[in-house]
Amino acid sequence: MSAPTSPNLPRSDQSSVDLFGFEGAEELWQSWRDGLTPDPLLTVSEWADRHRFLSPRASAEPGRYRTDRTPYMRAIMDALSPSHPARRIVFMKAAQVGATEAGNNWIGYVIHHAPGPMLSVQPTVELAKRFSRQRIEPLIAESPALRERVKPARARDAGNTVLSKEFPAGLLVITGANSAVGLRSMPARYLFLDEVDAYPPSADEEGDPVALAEARTRTFSWRSKVFLASTPTIHGVSRIEREFEASDQRRFFVPCPHCQHRQWLRFERLRWEKGKPDTAHYQCEACDGAVEEHHKIEMLHAGDWRPTAEAADPGTIGFHLSALYSPVGWMSWAMIARMWEASLATDEAKRSFKNGVLGETWIETGEAPDWQRLYERREDWQIGTVPSGGLFLTAGADVQKDRIEVSVWAWGRGLTSWFVDHIVIDGGPEHAETWGQLSGLLDRTWPHAHGARLGLAKLGIDSGYESPAVYAWARSAGHAQVAPLKGVEGFNRAAPVVGPSFVDVTEAGRKLRRGARLWTVAVATFKSETYRHLRLMRPTDEEFAEGAQYPAGFVHLPRGLEAEWVKQLVAEQLVSVKTRRGFQRLEWQKLRERNEVLDCRVYARAAAWIAGADRWTDEKWRNLEDQVGPAPEGIVDVKPDASIAAGVLARAPVPGGKRRSDWLSGVDKGWLR
């Protein structure tokens, strides 16, 4: 029985129907076929070579991105591709070797080729905003493939803000490691953790920011990707070192142009004539042949990454790279040799070289200096006076239950320091007389060897004990000369001093900008610096005769100091302790009960940092030298002239012509007339 048909409709001959017999049919058919064609299986490096363009705003070599310029980055970027089995990629590296651009390539790849939720974490929210403006915005603007997927910020409902970029089937959120809210804002398939050694120990007191961020990837399981990249800092506390040591520790092996022996480059094999860094070359570990700078081009292209250890987690792979691999035209071996010779002056410069050039951690020597050696090297000048070389004064005040102890230090070029005075004010913080005596120190001056008198440029006071009393006194004394301090532990901080934050509020909860201002101080950093400076050796008499000078940072102590005072200066040591999670961290621990002298030194050093001494130009130092004047010739004992004030730190003029106090050393208190 056949199906009924309508008598009004003619039977159609289906064999003669042309489905594409209309205008535009061929284009429609081609579009349909294109839609069914899967995307090419590109790796991140292949995507970058095809679609990435570098902006002159963010690159010294603008134009099309070429992975061949940094061949060592190819394997690292390709490991970030979804097709690669590794889940966690760790990169411990020197500065400026192309790591951040590799991370940016990954971001572009995700937006264009493998969309999904992505979280990019910088050390702070402020740095995250800068990263977005200086790196992400040019990345999108200069690459057509990304421009068409991320709407301009000016468009209505663009979903494009400084810290958030929406794109089809995905979202990029940029945040800071100091923001717990930002770290738990969303689940993330892709996670880019940049400069993890600069992250704070805890995000808003809620835990390790790396752990908080990685927790956002758990729902994606094996499909997630985590990229940790950083220049390392201090051995024992460096996050990136800990992650690298738990990985398979890959090194980039390159062939010797003479014997073809493959090796990874070590700084110990770099050779040059002393004082002639332009003669630098690399010596092959197999044939001792001299490898010149121009050989690097072929060596890098022929190099390959090889694991040198077994990873604790098979899903984690790690890479290490020093600046010795920098392409020709970036950092040369001659530049590295020159930087090494320059770094020999101070431990701080050596640390910067090891971290930023070699991509290695710095080993802090936490053993306390020998107090007897320091006691024996005391110099001949009177306590309460400022020797030649001291240019301005700061003080550190430690508030105790029954007293306030204050140490006054003089500072000169290179942060060389001289102990000037130590004052103990009897009475607890509940007594007005105690604070009155402390206020008197702000008006006091100390005689200088050149005849001038110096007042306190800045006084840093610990607010850990009886904070309200400290804030009240600091508020009345004024922030120009007084800085309340809050000490925090840990080395992993963007700066040794952060602030100020406004701690006074109105009844409505609004911050009072005219109230007390609190500075946060990484005391571990300044204690380590103090110990390094205390270990500096005094030049011999023969070296002085040949024109040698005290090394920068040298700590001078006067003859009148008692042994107990020197013992308190070195009353702690740096030790490695194990955390609950089994990680190692460095911690300062007391060797003896009394350590007020060391604490006061740290607060005085923080006051010098707040005053700007770490960032002053040569012109600023010359101005302070002009204030104290030249050393009088042929006069052993110079009588101080009360009319000559020195150590005065002038502030920058206020825009708009408004005039305010220009003095940080008590001019407004009345001692400079």
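Contact here means heavy atoms within 4.5 Å. Helices (H or I, at least four residues) and strands (E, at least two) are DSSP runs, numbered from the N terminus. The model is predicted: local features need pLDDT of at least 70, side-chain atom pairs count only at pLDDT 80 or more, and totals for chains, interfaces and linings use all residues. Residue numbers start from 1 along each chain as its sequence is written, and side-chain values use heavy atoms, without hydrogens and water.

Start with helices H14 and H15. In H14, Trp435, Leu438, Ser439 and Leu442 meet Ala469, Val470, Trp473 and Ala477 of H15. Seven residues of this contact are nonpolar, one is polar and none is charged. For these classes, Ala, Val, Leu, Ile, Met, Phe, Trp, Tyr, Cys and Pro count as nonpolar, Asp, Glu, Lys and Arg as charged, and the others, Gly among them, as polar. Two packed helices are described by the angle between their axes and the distance between the axes. H14 spans residues 432-443 and H15 residues 467-477; their axes come within 11 Å and cross at roughly 40°. Axes are lines fitted to C-alpha atoms, for helices over the stretch in contact, and angles run from 0 to 180 degrees between N-to-C directions. H14 and H15 are therefore oblique to each other. Under 35 degrees counts as roughly parallel, over 145 as roughly antiparallel, 65 to 115 as roughly perpendicular, and the rest as oblique. The crossing of H14 and H15 is right-handed: the near helix is turned clockwise from the far one by less than a right angle.

Now take H4 (residues 99-112) and H5 (residues 125-142). Their axes come within 10 Å and cross at roughly 55°. That makes H4 oblique to H5. This crossing, too, is right-handed. H4 contributes Thr100, Glu101, Asn104, Ile107 and Gly108, and H5 contributes Phe131, Arg135, Ile136 and Leu139. Four of these residues are nonpolar, three polar and two charged.

H16 (residues 523-534) and H19 (residues 596-611) also have axes that come within 10 Å, crossing at roughly 100°. H16 is thus roughly perpendicular to H19. Among the residues in contact are Phe526, Lys527 and Tyr531 of H16 and Arg601, Val602 and Trp609 of H19. By class, the contact has seven nonpolar, two polar and five charged residues.

Next, the strands. An open antiparallel sheet has three strands in the order S11-S12-S13. S11 (270-273) and S13 (290-291) are the edges; each has a single partner strand, so one side of each lacks a neighbour in the sheet. Two strands pair if DSSP finds at least two bridges between them. Three bridges join S11 to S12 (residues 276-283). Glu273 has Lys276 as its bridge partner, and Arg271 stands opposite His281. Two residues separate S11 and S12 in their hairpin, where Gly275 has a positive phi of about 80°.

Phe167 stands opposite Gly170. Two residues lie between these strands, and Ala169 takes a positive phi near 70°.

Finish in the loop between H9 (239-245) and S9 (250-255), where Gln249 sits. A polar atom of the Gln249 side chain lies 3.1 Å from the backbone oxygen of Glu245. Leaving aside residues up to four places away in sequence, Gln249 touches Phe244, Arg306, Pro307, Thr308, Ala309 and Gly318.

Key. Polar contact = N/O pair within 3.5 Å; in protein donor to acceptor, adjacent residues only side chain to side chain.
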